[in-house]
Amino acid sequence: MRHLLAAYDLSRDRLYGHIKPRKRRGEFLVFLRYLRTLYPPEVRIGLVLDNFSPHLSTNDDPRVGVWAAANNIELAYTPTNASWLNRIEAQFQALRYFTLDGTDHASHHAQASMIRRYIAWRNRNAHDRRFREIVNRAKVA
């Protein structure tokens with residue numbers, strides 16, 4: 001099993017992603033640090049997150065919330081069972097359509113390579129008609 005940690009920049013219409021064997025707070029913090037490097041420190045970043053446990057700041061492990069506050073990042077959580085409010089979900093629909101539907105990758109490495117190539121293609125071709133049709137069909141919010 002592999003996990004895609006991903007972010008979608010609405011203003012730049014760019015998708016960013018890292019594929020990891022696990023999706024825990026440590027991996028999530030590494031991804032947050034990567035996202036922070038994409039913008040100057042004075043630019044506030046707003047992240048919309050689902051309620052998956054690595055995203056949450058809990059009393060037992062507040063690392064995510066503490067790091068975000070110290071690095072000018074605002075975390076906003078979608079309501080439970082309302083992931084469709086997160087604009088990245090439409091991007092995932094296109095990713096599944098172009099890279100995963102009807103495939104049988106020989107290995108995790110091959111699948112990860114396909115996803116990375118898709119993200120690079122997607123960012124170069126964000127205005128492709130076929131791509132836009134799929135994303136627009138998936139948009140709810």
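This is a predicted model: local features need pLDDT of at least 70, side-chain atom pairs count only at pLDDT 80 or more; totals for chains, interfaces and linings use all residues.
The axes of helix 1 and helix 2 approach within 10 Å and cross at roughly 10°; because angles under 35 degrees count as roughly parallel, helix 1 and helix 2 are described as roughly parallel to each other. On the side of helix 1, the contact is made by Arg25, Gly26, Phe28, Leu29, Leu32, Arg33 and Arg36, which meet Arg63, Val64 and Trp67 of helix 2. Sorted by class, the residues of this contact comprise 5 nonpolar, 1 polar and 4 charged.

For helix 3 (residues 88–100) and helix 4 (residues 108–124), the axes likewise come within 10 Å, with a crossing angle of roughly 125°, and the two helices are therefore oblique to each other. The crossing of helix 3 past helix 4 is right-handed. Helix 3 contributes Gln91, Ala94, Leu95, Phe98, Thr99 and Leu100, and these meet Gln111, Met114, Ile115, Tyr118, Trp121 and Arg122 of helix 4. The contact of helix 3 with helix 4 is made up of 8 nonpolar, 3 polar and 1 charged residues.

In soluble globular proteins, nonpolar side chains tend to be buried together. In the present model, the largest nonpolar core holds 16 residues, of which Leu32, Leu35, Leu47 and Ile73 touch the most other members. At least two residues of this core are supplied by each of strand 1 (3–9), helix 1 (25–37), strand 3 (45–49) and helix 2 (63–70), and helix 1 gives the most, with 5 residues. When neighbours within four places in sequence are left aside, leucine 35 is in contact with Ala7, Tyr16, Ile45 and Leu47.

Most residues other than glycine have a negative phi. Aspartate 13, however, has a phi near 50°, a positive value in a residue other than glycine, and is found in the loop between strand 1 and strand 2 (14–20). With a relative accessible area of 14%, aspartate 13 is buried, since the cut-off for burial is under 20%. A positive phi, near 60°, is also found for asparagine 72, which lies in the loop between helix 2 and strand 4 (73–77).

Methods
Residues are numbered from 1 along each chain as its sequence is written. Side-chain values use heavy atoms; hydrogens and water are left out. Axes are lines fitted to C-alpha atoms, for helices over the stretch in contact, and angles run from 0 to 180 degrees between N-to-C directions. Helices (H or I, at least four residues) and strands (E, at least two) are DSSP runs, numbered from the N terminus. Angles under 35 degrees count as roughly parallel, over 145 as roughly antiparallel, 65 to 115 as roughly perpendicular and the rest as oblique. A crossing is left-handed if the near helix is turned anticlockwise from the far one by less than a right angle, and right-handed if clockwise. Contact means heavy atoms within 4.5 Å. Ala, Val, Leu, Ile, Met, Phe, Trp, Tyr, Cys and Pro count as nonpolar, Asp, Glu, Lys and Arg as charged, and the others, Gly among them, as polar. A nonpolar core is a set of buried Ala, Val, Leu, Ile, Met, Phe, Trp, Tyr and Cys residues joined through side-chain atoms within 4.5 Å. Buried means under 20% relative accessible area, exposed over 50%, partly exposed in between (1.4 Å probe, protein chains only).
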